[in-house]
Amino acid sequence: MKSKYLFIMFTMLFCMTTHAEVTPRVFSIIFADTNDDKIGIGAQVSHDNYLSLFTTIATAVESTNSPDAISKTGYECNKSNLISVLNNLQITPNDIVIFVYAGHGARGLKDWSNFPQICFAKPEGKKYRNPEEFYPLENVRNIIMQKNPRFCLVIGDCCNSESPSLSTKEKIEPAFMGIQDIPTNDGMIVIRNLIMNKYGSVMLTASIKGEYGWCYNSTNPQYSGMFLEHNFNYILQKVKDNKKSYTNWEELLKDTRSATYNYSKEAIIVKDGITYTQTPYYEISLSDTRKIDKKDSIRPNPPISSLRNDLVKIGDDQNLTGKERINLSKQILEKYFDKDNALVDVVGLDNQTIILSTTIRSYLLKLATEQKLANLTILREEKDAQGNVFYLKIHELYRE
């Protein structure tokens, strides 16, 4: 009887230990209307800044096995791709999902949601968007939450202005300069706690009902990108630098709302003789506990192989020896690159200012020999006709 009791206790402890060792994966999705003649440049700037935000969050929650971000820009920013991405999202109850839309948004006069409808990009060869193809942002959150993630963050960086001709859609139920990005340990703990200490979802959009969302359509780091992205990332940068701290999302989003509103006031936006401001809107649906079905039990996930993950492995100075890192860099060079011609640009905090421009051979050697690289974001990847990478634009994140 005693041995049976000890066996049960050992089994319980083993299960608890296994559970504790399962690190979350971060699934990141961004749709950006970078083709638009009015806001395309600003959407591209914010697209890159949001990609870096995804990396920051993955690093803060110590995710080592996250898939590459799904990015749909230009003509690929469409409803068909959105539905496909959401339907094919395979997640577990320990995973985190982040979705961002940067582009035009609108709402019908009788819309059921406080959040806007996504307008997507103009279809190729068309002068206008089809309003019947617009899609409620809140439905994106509801579809993701049906898959039972640990945490979900949905951001709609777009207008929420009314369009009398827009039909109501069906509801589905449930700037910094070029320096290295080295967040403080305390700042990353704050971000980790915001993501990991509660279960549920957070939704944020650029403006309240009836308001426009605005952007600077410029690559000037001081005046670039979507207003919401600029201020949301500004707040998080303060957190990373340990200059601000938050214990909950309400405090953080309240400050984001105030900062964005004041930013729009300073911009003095005048259209048709009217001066406009922008007030973000958010909803928080988090709890301390949740119920997990047996079929959704948390278990370790197989490693995910990708160029970004492999580059991060080369920079791993905590688990691999120097010789192992150099040998791995040689394998990566052969596997992915046009090894004789490939070039790499490394950009700073603003995701624009180049702080290093070099060949792929030199860059891989740098990764394999330097210290404290925590993560990186591939902002741009270009391949030749044979599928070999010949250009990368990278943002690096370092441990303090």
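Is the crossing of helix 2 and helix 6 left-handed or right-handed? Hi everyone, let's start there. This is a predicted model, where local features need pLDDT of at least 70, side-chain atom pairs count only at pLDDT 80 or more, and totals for chains, interfaces and linings use all residues. Residues are numbered from 1 along each chain as its sequence is written, and side-chain values use heavy atoms, leaving out hydrogens and water.

Now, the answer: helix 2 and helix 6 make a left-handed crossing, meaning the near helix is turned anticlockwise from the far one by less than a right angle. Helices here are DSSP runs of H or I with at least four residues, numbered from the N terminus. The axes of helix 2 (residues 40-60) and helix 6 (residues 227-240) come within 10 Å and cross at roughly 30°; axes are lines fitted to C-alpha atoms over the stretch in contact, with angles from 0 to 180 degrees between N-to-C directions. That makes the two helices roughly parallel, a term for angles under 35 degrees.

Who meets whom? On the helix 2 side, the contacts (heavy atoms within 4.5 Å) include Tyr-50 and Leu-53, and on the helix 6 side they include Phe-232 and Leu-236.

Leu-53, Phe-232 and Leu-236 turn up again, among the residues lining the second largest cavity. A cavity is a set of points on a 1 Å grid over the protein atoms alone where a 1.4 Å probe fits but cannot get out, and lining residues have an atom within 4 Å of a point. Helix 5 gives the most to this lining, with 3 residues.

Key
Parallel < 35°, antiparallel > 145°, perpendicular 65-115°, else oblique. 1 Å grid on protein atoms, 1.4 Å probe; cavity = no way out; pocket = protein on both sides within 12 Å on 5 of 7 lines; lining within 4 Å.
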